[in-house]
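The stops below are given in the order in which to select them.

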Amino acid sequence: MIITIDGPASAGKGTLAQSLSQKYQMAYFDTGMVYRAVGLKLVLKGISPDNESEAEKAALSLDFPQMINLSKEADFRSDVGGRAASIVAANPAVRTALLKMQQDFANNPVFGDGTPAKGAIYDGRDTGTVVCPNADIKLYVTASPEVRAERRHKEFLAKGINKTFEEVLAQIKERDERDQQRAAAPLKPADDAIIIDTSIYDAKQVFNKVCEIIDSFQKKLEK
Ligand code: C5P
């Protein structure tokens with residue numbers, strides 16, 4: 001079974017995907033990691049993420065072990081990493097270079113230790129529209145920019161990072177705008193996606209709702 005979860009930053013996709021991965025024994029692929037890895041590779045070399053040919057080169061040479069190593073860098077999950085990721089992600093040549101690596105995962109989904117899984121859960125921006133257009137269940141998880149900024153702001157405060165709510169909201173809006181307006185694989189729900197607005201449900205309610213969707217899909221398959 002393949003499940004895709006797309007949506008904007010800080011909508012709750014990762015939390016949902018991880019809980020589903022545990023419950024259904026499915027391997028989780030956070031596809032934002034591939035774009036973060038390419039963006040950070042450039043930043044660490046002092047190259048601008050806007051440099052299209054260097055970004056394509058960095059994407060073409062990216063593999064899983066390199067991505068895991070880059071994910072240990074301090075800026076991988078920071079705003080620096082997020083911004084660089086969204087800039088390289090708007091480059092069509094980068095997206096093309098990273099597509100097969102993402103699609104291959106669905107053919108042989110495994111956990112981090114190499115154990116085979118019962119399917120794959122993707123989280124990203126275009127996983128239901130471009131990476132896995134034939135996925136069994138497609139979800140689009142979203143929330144208002146204000147709700148997402150509030151969540152991110154709380155995370156920053158908990159980590160001791162001093163930023164105002166307004167700064168966080170402005171960054172979220174800037175990233176949304178770039179992800180939605182780009183010509184290559186813009187952020188949007190697949191035509192057959194189920195839309196879940198997490199502004200009105202908490203994480204547990206969202207998880208329960210999605211479990212119902214998966215269970216009823218599996219029951220239909222058994223018939
Ligand atoms: O999800 P995350 O915040 O890690 O993603 C970082 C950036 O990578 C996003 O803002 C988006 O520009 C890009 N991305 C993408 N397609 C995906 C996953 C992430 O364009 N499937």
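Start by selecting the buried residues of helix α5: Asp79, Gly81, Gly82, Ala84, Ala85, Ser86, Ile87 and Val88. Buried stands for under 20% relative accessible area, exposed for over 50%, and partly exposed for what lies in between, with a 1.4 Å probe and protein chains only. Helices (H or I, at least four residues) and strands (E, at least two) are DSSP runs, numbered from the N terminus. This is a predicted model, in which local features need pLDDT of at least 70 and side-chain atom pairs count only at pLDDT 80 or more, while totals for chains, interfaces and linings use all residues. Residues are numbered from 1 along each chain as its sequence is written, and side-chain values use heavy atoms, with hydrogens and water left out.

Now show the whole of α5, residues 79–88. Because eight of its ten residues are buried, the helix is largely enclosed by the rest of the structure. At the N-terminal end of α5, select Ser78, a cap with a side-chain oxygen 3.1 Å from the backbone nitrogen of Val80.

Next, go to the ligand. Which of the 15 residues around the ligand come nearest? They are Arg36, Arg95, Asp126, Arg175 and Asp179, where a residue is near if one of its heavy atoms lies within 4 Å.

- Arg95: a polar side-chain atom is 2.8 Å from a ligand oxygen.
- Arg125: an N or O atom of the side chain is 3.0 Å from a ligand oxygen.
- Asp126: a polar side-chain atom is 2.8 Å from a ligand nitrogen.

On its own the ligand has 450 Å² of accessible area, and the protein covers 97% of that (Shrake-Rupley method, 1.4 Å probe; for residues, only the protein chains shown count as cover).

Then select Ser10, in the loop between β1 (2–6) and α1 (13–24). Ser10 has a relative accessible area of 18% and therefore counts as buried. Its side chain makes a polar contact of 2.9 Å with that of Arg152. Such a contact is a pair of N or O atoms within 3.5 Å; within protein, one must be able to donate a hydrogen and the other to accept it, and residues adjacent in sequence count only if both atoms are side-chain atoms. Leaving aside residues up to four places away in sequence, Ser10 touches Arg148, Arg151, Arg152 and Ile172.

Finish with the cysteines. Cys132 is buried at 8% relative accessibility, and Cys211 is buried at 6%. The whole structure has zero disulfides (pairs of cysteine sulfur atoms within 2.5 Å).

How values were computed. Contact means heavy atoms within 4.5 Å.
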